[in-house]
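Hi there,

Here is the structure I promised to pass on. Have a look at it first, and then read my notes below.

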Amino acid sequence: MNPLLQRLQPYPFERLRQLFAGVTPTPALRSISLGIGEPRHPTPGFLKDRLCDAVQSPDGGLANYPATGGTPELKQACATWMERRYGLKLDPAKQILPVNGSREALFALAQVVVNPRQFADGTEPVVVCPNPFYQIYEGAAYLAGAQPWFAPSDPKRNFATDWDSVPAHIWERTQLLYTCSPGNPTGAVMPLDEWATLFELSDRYGFVIASDECYSEIYFRDDAPLGGLEAAAQLGRHDYRNLIALTSLSKRSNVPGLRSGFVAGDAQLIAPFLLYRTYHGSAMSTVVQSASAAAWLDEAHVVDNRAQYRAKFAEVTPILATAMKVALPDAGFYLWAEVPERFGGQDHTHTPERDTVFARELLAQYNVTVLPGSYLAREAQGYNPGANRVRMALVAEAAECAEAARRIVSFIQAS
Ligand SMILES: Cc1ncc(COP(=O)(O)O)c(C=O)c1O
(Lines give C-alpha, C1' and ligand atoms only; values in the text may rest on other atoms or scores of the structure.)
Protein backbone atom coordinates (compact mmCIF):
# COMPACT_ATOMS: atom_id res chain seq x y z
CA MET A 1 0.00 0.00 0.00
CA ASN A 2 1.05 3.57 -0.65
CA PRO A 3 1.90 4.85 2.87
CA LEU A 4 0.85 8.38 1.89
CA LEU A 5 -2.78 7.21 1.92
CA GLN A 6 -2.56 7.13 5.69
CA ARG A 7 -2.11 10.89 5.73
CA LEU A 8 -5.59 11.49 4.30
CA GLN A 9 -8.00 13.00 6.81
CA PRO A 10 -11.63 11.91 7.22
CA TYR A 11 -13.85 14.02 4.98
CA PRO A 12 -15.94 16.66 6.86
CA PHE A 13 -19.18 14.82 6.12
CA GLU A 14 -17.79 11.65 7.70
CA ARG A 15 -16.91 13.68 10.80
CA LEU A 16 -20.42 15.14 10.76
CA ARG A 17 -21.89 11.64 10.64
CA GLN A 18 -19.85 10.71 13.71
CA LEU A 19 -20.85 13.93 15.50
CA PHE A 20 -24.50 13.19 14.89
CA ALA A 21 -24.30 9.51 15.88
CA GLY A 22 -26.75 8.94 18.68
CA VAL A 23 -28.61 12.23 18.10
CA THR A 24 -32.34 11.82 17.48
CA PRO A 25 -33.64 14.95 15.77
CA THR A 26 -36.99 16.17 17.00
CA PRO A 27 -39.71 14.39 15.02
CA ALA A 28 -41.92 17.48 15.32
CA LEU A 29 -40.01 19.28 12.55
CA ARG A 30 -39.08 17.98 9.13
CA SER A 31 -35.38 17.77 8.35
CA ILE A 32 -33.66 20.69 6.58
CA SER A 33 -30.01 20.40 5.57
CA LEU A 34 -27.74 23.39 5.04
CA GLY A 35 -24.81 21.03 5.47
CA ILE A 36 -23.76 19.92 2.03
CA GLY A 37 -22.57 22.34 -0.65
CA GLU A 38 -24.30 20.64 -3.53
CA PRO A 39 -26.31 22.85 -5.90
CA ARG A 40 -30.01 22.01 -5.82
CA HIS A 41 -31.56 24.40 -8.33
CA PRO A 42 -32.94 22.42 -11.30
CA THR A 43 -30.63 21.56 -14.19
CA PRO A 44 -31.62 23.66 -17.24
CA GLY A 45 -33.80 21.70 -19.68
CA PHE A 46 -31.71 22.57 -22.73
CA LEU A 47 -28.68 20.87 -21.16
CA LYS A 48 -30.59 17.64 -20.62
CA ASP A 49 -31.85 17.83 -24.21
CA ARG A 50 -28.34 18.40 -25.48
CA LEU A 51 -27.08 15.36 -23.59
CA CYS A 52 -29.81 13.16 -25.08
CA ASP A 53 -29.15 14.51 -28.59
CA ALA A 54 -25.44 13.82 -28.18
CA VAL A 55 -26.08 10.21 -27.18
CA GLN A 56 -28.07 9.71 -30.39
CA SER A 57 -25.64 11.54 -32.65
CA PRO A 58 -23.96 9.23 -35.20
CA ASP A 59 -20.60 11.03 -35.02
CA GLY A 60 -20.56 11.85 -31.31
CA GLY A 61 -22.25 9.44 -28.99
CA LEU A 62 -20.73 6.65 -27.01
CA ALA A 63 -19.21 4.53 -29.75
CA ASN A 64 -15.72 6.10 -29.67
CA TYR A 65 -13.08 6.85 -27.08
CA PRO A 66 -12.98 10.59 -26.41
CA ALA A 67 -9.74 12.56 -26.81
CA THR A 68 -8.20 13.67 -23.50
CA GLY A 69 -7.43 17.09 -24.94
CA GLY A 70 -11.12 17.73 -25.62
CA THR A 71 -13.10 18.44 -28.77
CA PRO A 72 -12.31 21.65 -30.66
CA GLU A 73 -16.00 22.57 -30.21
CA LEU A 74 -15.78 22.44 -26.40
CA LYS A 75 -12.41 24.17 -26.19
CA GLN A 76 -13.64 26.95 -28.42
CA ALA A 77 -16.78 27.32 -26.27
CA CYS A 78 -14.57 27.61 -23.14
CA ALA A 79 -12.40 30.22 -24.88
CA THR A 80 -15.49 32.15 -25.96
CA TRP A 81 -16.72 32.17 -22.38
CA MET A 82 -13.33 33.35 -21.08
CA GLU A 83 -13.42 36.21 -23.54
CA ARG A 84 -17.00 37.19 -22.71
CA ARG A 85 -16.54 36.87 -18.95
CA TYR A 86 -13.01 38.22 -18.51
CA GLY A 87 -12.14 39.91 -21.79
CA LEU A 88 -9.24 37.46 -22.34
CA LYS A 89 -8.28 35.91 -25.66
CA LEU A 90 -6.87 32.45 -24.98
CA ASP A 91 -5.51 29.91 -27.42
CA PRO A 92 -7.95 26.98 -27.09
CA ALA A 93 -5.31 24.52 -28.31
CA LYS A 94 -2.59 25.46 -25.84
CA GLN A 95 -4.16 27.32 -22.94
CA ILE A 96 -7.39 25.41 -22.25
CA LEU A 97 -8.07 21.84 -21.17
CA PRO A 98 -11.43 20.25 -20.27
CA VAL A 99 -11.54 18.37 -16.95
CA ASN A 100 -14.12 16.16 -15.28
CA GLY A 101 -15.11 18.78 -12.73
CA SER A 102 -12.68 20.97 -10.85
CA ARG A 103 -12.23 18.52 -7.98
CA GLU A 104 -10.29 15.92 -9.92
CA ALA A 105 -8.28 18.63 -11.66
CA LEU A 106 -7.33 20.29 -8.36
CA PHE A 107 -6.07 16.92 -7.20
CA ALA A 108 -4.35 15.92 -10.43
CA LEU A 109 -2.57 19.24 -10.83
CA ALA A 110 -0.60 18.64 -7.62
CA GLN A 111 0.57 15.28 -8.96
CA VAL A 112 1.96 17.09 -12.02
CA VAL A 113 3.48 20.11 -10.35
CA VAL A 114 4.99 18.73 -7.15
CA ASN A 115 8.51 17.33 -7.28
CA PRO A 116 8.94 15.34 -4.06
CA ARG A 117 12.64 14.83 -4.81
CA GLN A 118 13.60 18.46 -5.32
CA PHE A 119 15.50 18.83 -2.05
CA ALA A 120 18.71 16.85 -1.74
CA ASP A 121 18.38 16.50 2.06
CA GLY A 122 15.06 14.67 1.62
CA THR A 123 12.96 17.55 2.96
CA GLU A 124 9.39 17.40 1.68
CA PRO A 125 8.19 20.25 -0.52
CA VAL A 126 5.30 22.45 0.61
CA VAL A 127 1.86 23.17 -0.84
CA VAL A 128 0.40 26.36 0.65
CA CYS A 129 -3.39 26.31 1.24
CA PRO A 130 -5.87 28.78 2.69
CA ASN A 131 -7.41 27.82 6.03
CA PRO A 132 -10.38 27.04 6.04
CA PHE A 133 -10.15 25.34 2.67
CA TYR A 134 -11.64 22.84 0.25
CA GLN A 135 -10.40 19.47 1.53
CA ILE A 136 -9.07 18.24 -1.78
CA TYR A 137 -6.07 20.62 -1.60
CA GLU A 138 -4.74 18.86 1.46
CA GLY A 139 -5.20 15.34 0.11
CA ALA A 140 -3.65 16.34 -3.21
CA ALA A 141 -0.61 17.72 -1.39
CA TYR A 142 -0.13 14.61 0.73
CA LEU A 143 -0.46 12.16 -2.13
CA ALA A 144 1.96 14.18 -4.22
CA GLY A 145 4.53 13.75 -1.44
CA ALA A 146 4.31 17.32 -0.11
CA GLN A 147 3.34 18.86 3.21
CA PRO A 148 0.45 21.31 3.29
CA TRP A 149 1.02 24.66 5.00
CA PHE A 150 -2.13 26.46 6.10
CA ALA A 151 -2.45 30.24 5.93
CA PRO A 152 -5.40 31.46 8.05
CA SER A 153 -8.27 33.58 6.83
CA ASP A 154 -8.60 36.86 8.68
CA PRO A 155 -12.17 37.71 9.78
CA LYS A 156 -11.11 41.36 10.26
CA ARG A 157 -10.22 41.68 6.57
CA ASN A 158 -13.32 40.14 5.00
CA PHE A 159 -11.77 36.69 5.56
CA ALA A 160 -8.83 37.41 3.26
CA THR A 161 -6.10 34.77 3.53
CA ASP A 162 -3.14 36.01 5.55
CA TRP A 163 -0.42 35.13 3.04
CA ASP A 164 2.00 37.37 4.98
CA SER A 165 1.86 34.87 7.84
CA VAL A 166 3.78 32.30 5.76
CA PRO A 167 7.45 32.38 6.83
CA ALA A 168 10.23 32.74 4.25
CA HIS A 169 11.63 29.27 4.99
CA ILE A 170 8.22 27.82 4.00
CA TRP A 171 8.02 29.86 0.82
CA GLU A 172 11.48 28.55 -0.07
CA ARG A 173 10.09 25.00 -0.10
CA THR A 174 6.76 25.88 -1.73
CA GLN A 175 6.04 24.36 -5.13
CA LEU A 176 2.28 24.90 -5.36
CA LEU A 177 -0.22 27.29 -3.81
CA TYR A 178 -3.98 26.83 -3.86
CA THR A 179 -6.19 29.82 -3.66
CA CYS A 180 -9.99 29.82 -3.74
CA SER A 181 -11.79 32.94 -4.92
CA PRO A 182 -14.71 33.22 -4.34
CA GLY A 183 -13.78 31.26 -1.25
CA ASN A 184 -15.43 28.19 0.16
CA PRO A 185 -16.60 28.63 2.91
CA THR A 186 -15.95 32.36 3.40
CA GLY A 187 -17.29 33.72 0.09
CA ALA A 188 -14.38 36.20 -0.03
CA VAL A 189 -13.20 37.42 -3.44
CA MET A 190 -9.50 38.17 -3.86
CA PRO A 191 -8.84 41.77 -4.95
CA LEU A 192 -6.13 42.78 -7.44
CA ASP A 193 -3.58 43.83 -4.81
CA GLU A 194 -3.74 40.37 -3.21
CA TRP A 195 -3.14 38.83 -6.62
CA ALA A 196 -0.17 41.14 -7.09
CA THR A 197 1.27 39.87 -3.79
CA LEU A 198 0.84 36.25 -4.86
CA PHE A 199 2.40 36.82 -8.29
CA GLU A 200 5.36 38.54 -6.68
CA LEU A 201 5.84 35.59 -4.30
CA SER A 202 5.41 33.09 -7.16
CA ASP A 203 8.10 34.91 -9.16
CA ARG A 204 10.44 35.05 -6.19
CA TYR A 205 10.07 31.44 -5.08
CA GLY A 206 9.07 29.76 -8.34
CA PHE A 207 5.83 28.09 -7.26
CA VAL A 208 2.68 27.41 -9.29
CA ILE A 209 -0.63 29.05 -8.35
CA ALA A 210 -3.80 26.96 -8.72
CA SER A 211 -6.77 29.32 -8.66
CA ASP A 212 -9.99 27.52 -7.73
CA GLU A 213 -12.81 29.65 -9.18
CA CYS A 214 -15.80 27.32 -9.24
CA TYR A 215 -18.12 29.81 -7.46
CA SER A 216 -17.28 32.71 -9.77
CA GLU A 217 -20.76 33.07 -11.26
CA ILE A 218 -22.73 33.30 -8.00
CA TYR A 219 -22.08 36.74 -6.58
CA PHE A 220 -23.86 39.46 -4.63
CA ARG A 221 -21.92 42.63 -5.44
CA ASP A 222 -22.38 44.67 -8.61
CA ASP A 223 -19.06 43.61 -10.12
CA ALA A 224 -18.44 40.00 -11.08
CA PRO A 225 -15.53 38.44 -9.13
CA LEU A 226 -12.06 39.09 -10.50
CA GLY A 227 -10.59 35.95 -12.06
CA GLY A 228 -6.99 34.83 -11.60
CA LEU A 229 -6.13 35.08 -15.29
CA GLU A 230 -7.95 38.40 -15.48
CA ALA A 231 -5.83 39.70 -12.58
CA ALA A 232 -2.67 38.42 -14.29
CA ALA A 233 -3.59 40.18 -17.54
CA GLN A 234 -4.37 43.42 -15.68
CA LEU A 235 -0.89 43.23 -14.17
CA GLY A 236 0.72 42.68 -17.58
CA ARG A 237 1.35 38.93 -17.16
CA HIS A 238 -0.06 37.91 -20.51
CA ASP A 239 1.69 34.53 -20.53
CA TYR A 240 -0.05 33.64 -17.21
CA ARG A 241 3.26 32.20 -16.09
CA ASN A 242 2.95 29.65 -13.31
CA LEU A 243 -0.80 30.22 -13.08
CA ILE A 244 -3.69 27.82 -13.73
CA ALA A 245 -7.34 28.78 -13.17
CA LEU A 246 -9.86 25.99 -12.59
CA THR A 247 -13.54 26.45 -13.21
CA SER A 248 -16.60 24.28 -13.43
CA LEU A 249 -20.17 23.99 -14.62
CA SER A 250 -21.35 22.32 -11.40
CA LYS A 251 -22.45 25.48 -9.60
CA ARG A 252 -22.72 27.81 -12.58
CA SER A 253 -25.16 25.60 -14.46
CA ASN A 254 -26.54 23.35 -11.68
CA VAL A 255 -24.99 20.19 -13.08
CA PRO A 256 -22.80 18.70 -10.32
CA GLY A 257 -23.58 15.25 -11.74
CA LEU A 258 -22.29 16.11 -15.22
CA ARG A 259 -18.68 16.33 -14.00
CA SER A 260 -17.51 19.07 -16.27
CA GLY A 261 -15.11 21.96 -15.97
CA PHE A 262 -11.96 23.27 -17.55
CA VAL A 263 -8.56 24.63 -16.65
CA ALA A 264 -6.91 27.58 -18.35
CA GLY A 265 -3.64 29.42 -18.10
CA ASP A 266 0.08 28.90 -18.57
CA ALA A 267 0.66 26.80 -21.73
CA GLN A 268 3.88 25.48 -20.13
CA LEU A 269 1.73 23.84 -17.44
CA ILE A 270 -1.19 22.78 -19.62
CA ALA A 271 1.08 20.63 -21.83
CA PRO A 272 2.46 18.41 -19.01
CA PHE A 273 -0.98 18.36 -17.42
CA LEU A 274 -2.40 16.93 -20.67
CA LEU A 275 0.39 14.35 -20.77
CA TYR A 276 -0.40 13.28 -17.20
CA ARG A 277 -4.12 13.11 -17.93
CA THR A 278 -3.57 10.95 -21.01
CA TYR A 279 -1.93 8.31 -18.83
CA HIS A 280 -4.33 8.78 -15.95
CA GLY A 281 -7.25 8.22 -18.32
CA SER A 282 -9.30 11.26 -17.50
CA ALA A 283 -10.85 12.12 -20.86
CA MET A 284 -14.33 13.64 -20.74
CA SER A 285 -17.10 11.69 -22.50
CA THR A 286 -17.91 13.20 -25.88
CA VAL A 287 -21.55 13.34 -24.84
CA VAL A 288 -20.64 15.43 -21.80
CA GLN A 289 -18.35 17.59 -23.92
CA SER A 290 -21.20 18.37 -26.28
CA ALA A 291 -23.58 19.42 -23.49
CA SER A 292 -20.77 21.35 -21.78
CA ALA A 293 -20.10 23.40 -24.92
CA ALA A 294 -23.78 24.39 -24.99
CA ALA A 295 -23.65 25.31 -21.29
CA TRP A 296 -20.60 27.58 -21.63
CA LEU A 297 -22.19 29.37 -24.59
CA ASP A 298 -25.44 30.16 -22.79
CA GLU A 299 -25.52 32.93 -20.21
CA ALA A 300 -29.30 33.35 -19.71
CA HIS A 301 -29.57 30.37 -17.35
CA VAL A 302 -26.59 31.65 -15.34
CA VAL A 303 -28.18 35.08 -14.89
CA ASP A 304 -31.37 33.39 -13.75
CA ASN A 305 -29.49 31.11 -11.35
CA ARG A 306 -27.64 34.08 -9.84
CA ALA A 307 -30.91 35.97 -9.40
CA GLN A 308 -32.34 33.04 -7.44
CA TYR A 309 -29.34 33.00 -5.09
CA ARG A 310 -29.46 36.78 -4.68
CA ALA A 311 -33.12 36.71 -3.69
CA LYS A 312 -32.51 33.84 -1.29
CA PHE A 313 -29.51 35.45 0.41
CA ALA A 314 -31.34 38.77 0.65
CA GLU A 315 -34.18 37.05 2.48
CA VAL A 316 -32.22 34.67 4.71
CA THR A 317 -29.18 36.71 5.82
CA PRO A 318 -31.17 39.42 7.70
CA ILE A 319 -33.20 36.76 9.52
CA LEU A 320 -30.04 35.08 10.80
CA ALA A 321 -28.35 38.40 11.55
CA THR A 322 -30.92 39.06 14.27
CA ALA A 323 -29.35 36.27 16.33
CA MET A 324 -25.76 35.74 15.17
CA LYS A 325 -22.86 37.53 13.52
CA VAL A 326 -23.28 36.84 9.83
CA ALA A 327 -22.96 39.00 6.73
CA LEU A 328 -23.75 38.75 3.06
CA PRO A 329 -20.58 37.34 1.45
CA ASP A 330 -19.00 38.70 -1.72
CA ALA A 331 -19.97 35.54 -3.60
CA GLY A 332 -20.55 31.78 -3.40
CA PHE A 333 -23.54 30.04 -1.84
CA TYR A 334 -22.47 29.81 1.80
CA LEU A 335 -23.00 31.83 4.93
CA TRP A 336 -19.99 31.64 7.25
CA ALA A 337 -21.55 32.60 10.55
CA GLU A 338 -20.11 33.05 14.01
CA VAL A 339 -21.67 30.91 16.71
CA PRO A 340 -22.67 32.99 19.77
CA GLU A 341 -20.29 32.69 22.71
CA ARG A 342 -22.85 31.12 24.99
CA PHE A 343 -22.35 27.83 23.12
CA GLY A 344 -18.89 27.57 24.69
CA GLY A 345 -15.23 28.16 23.98
CA GLN A 346 -13.15 31.31 23.78
CA ASP A 347 -12.23 32.88 20.48
CA HIS A 348 -9.80 30.61 18.65
CA THR A 349 -9.84 27.92 21.30
CA HIS A 350 -10.80 24.41 20.59
CA THR A 351 -12.50 22.97 23.64
CA PRO A 352 -15.31 22.90 24.29
CA GLU A 353 -16.01 23.19 20.59
CA ARG A 354 -18.56 25.89 20.12
CA ASP A 355 -19.31 24.96 16.51
CA THR A 356 -19.84 21.25 17.14
CA VAL A 357 -21.98 21.81 20.24
CA PHE A 358 -24.08 24.25 18.22
CA ALA A 359 -24.47 21.87 15.26
CA ARG A 360 -25.38 18.88 17.39
CA GLU A 361 -27.92 20.70 19.54
CA LEU A 362 -29.44 22.45 16.52
CA LEU A 363 -30.02 19.10 14.87
CA ALA A 364 -31.45 17.55 18.01
CA GLN A 365 -33.82 20.40 18.84
CA TYR A 366 -34.71 21.93 15.46
CA ASN A 367 -33.79 19.27 12.88
CA VAL A 368 -31.52 21.61 10.89
CA THR A 369 -28.07 20.49 9.72
CA VAL A 370 -25.15 22.92 9.49
CA LEU A 371 -21.46 22.11 9.10
CA PRO A 372 -19.09 22.93 11.99
CA GLY A 373 -16.45 25.34 10.75
CA SER A 374 -13.59 23.51 12.46
CA TYR A 375 -14.20 20.55 10.14
CA LEU A 376 -13.34 22.76 7.17
CA ALA A 377 -10.08 24.00 8.63
CA ARG A 378 -7.02 22.63 10.39
CA GLU A 379 -5.39 23.68 13.59
CA ALA A 380 -2.27 25.49 12.46
CA GLN A 381 0.00 28.00 14.20
CA GLY A 382 -1.90 27.31 17.40
CA TYR A 383 -5.52 27.66 16.38
CA ASN A 384 -8.27 26.46 14.08
CA PRO A 385 -9.68 29.46 12.15
CA GLY A 386 -12.92 27.57 11.51
CA ALA A 387 -13.65 26.93 15.19
CA ASN A 388 -16.57 28.98 16.47
CA ARG A 389 -18.13 29.24 13.03
CA VAL A 390 -20.59 27.18 11.05
CA ARG A 391 -21.07 26.95 7.31
CA MET A 392 -24.59 27.09 5.94
CA ALA A 393 -25.12 26.19 2.30
CA LEU A 394 -28.17 28.02 0.94
CA VAL A 395 -28.74 25.53 -1.83
CA ALA A 396 -32.33 24.45 -1.11
CA GLU A 397 -35.22 26.52 -2.35
CA ALA A 398 -35.78 29.92 -0.71
CA ALA A 399 -38.74 28.97 1.50
CA GLU A 400 -36.83 26.04 2.98
CA CYS A 401 -33.73 28.14 3.65
CA ALA A 402 -35.83 30.87 5.29
CA GLU A 403 -37.57 28.27 7.45
CA ALA A 404 -34.18 26.92 8.52
CA ALA A 405 -33.02 30.45 9.36
CA ARG A 406 -36.11 31.09 11.52
CA ARG A 407 -35.51 27.83 13.36
CA ILE A 408 -31.86 28.75 13.96
CA VAL A 409 -32.94 32.11 15.41
CA SER A 410 -35.45 30.38 17.71
CA PHE A 411 -32.77 27.90 18.74
CA ILE A 412 -30.27 30.63 19.64
CA GLN A 413 -32.87 32.70 21.46
CA ALA A 414 -34.00 29.68 23.49
CA SER A 415 -30.46 28.54 24.39
C1 LIG B 1 -14.04 25.25 -3.46
C2 LIG B 1 -14.45 24.12 -4.31
N3 LIG B 1 -13.66 23.78 -5.33
C4 LIG B 1 -13.97 22.76 -6.14
C5 LIG B 1 -15.13 22.03 -5.96
C6 LIG B 1 -15.40 20.87 -6.88
O7 LIG B 1 -16.47 21.08 -7.69
P8 LIG B 1 -16.63 20.29 -9.06
O9 LIG B 1 -15.69 19.12 -9.02
O10 LIG B 1 -18.04 19.86 -9.08
O11 LIG B 1 -16.26 21.24 -10.14
C12 LIG B 1 -15.99 22.34 -4.91
C13 LIG B 1 -17.22 21.55 -4.69
O14 LIG B 1 -17.96 21.68 -3.77
C15 LIG B 1 -15.64 23.43 -4.06
O16 LIG B 1 -16.42 23.79 -3.05
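Helix α5 covers residues 102-113, and its twelve residues should span 16 Å at 1.5 Å a residue; the end C-alpha atoms are 16 Å apart, so the two agree. (The expected span is 1.5 Å times one less than the number of residues; helices are DSSP runs of H or I with at least four residues, and strands are runs of E with at least two, numbered from the N terminus.) Among the buried residues of α5 are Ser 102, Leu 106, Leu 109 and Val 113. Buried here means under 20% relative accessible area, with a 1.4 Å probe and protein chains only.

Please keep in mind that this is a predicted model: local features need pLDDT of at least 70 and side-chain atom pairs pLDDT 80 or more, while totals for chains, interfaces and linings use all residues. Numbering runs from 1 along each chain as its sequence is written, and side-chain values use heavy atoms, without hydrogens and water.

Next, Ser 292, which sits in helix α12 (residues 286-297). Ser 292 counts as buried because its relative accessibility is 0%. A polar atom of its side chain lies 2.6 Å from the backbone oxygen of Val 288. Leaving aside neighbours within four places in sequence, Ser 292 is in contact (heavy atoms within 4.5 Å) with Leu 74, Leu 249, Leu 258, Ser 260 and Met 284.

As for the protein chain as a whole, it has 15 helices and 13 strands. Of its 415 residues, 57% count as buried.

Best wishes

Methods: Buried means under 20% relative accessible area, exposed over 50%, partly exposed in between (1.4 Å probe, protein chains only). A polar contact is a pair of N or O atoms within 3.5 Å; within protein, one must be able to donate a hydrogen and the other to accept it, and residues adjacent in sequence count only if both atoms are side-chain atoms.
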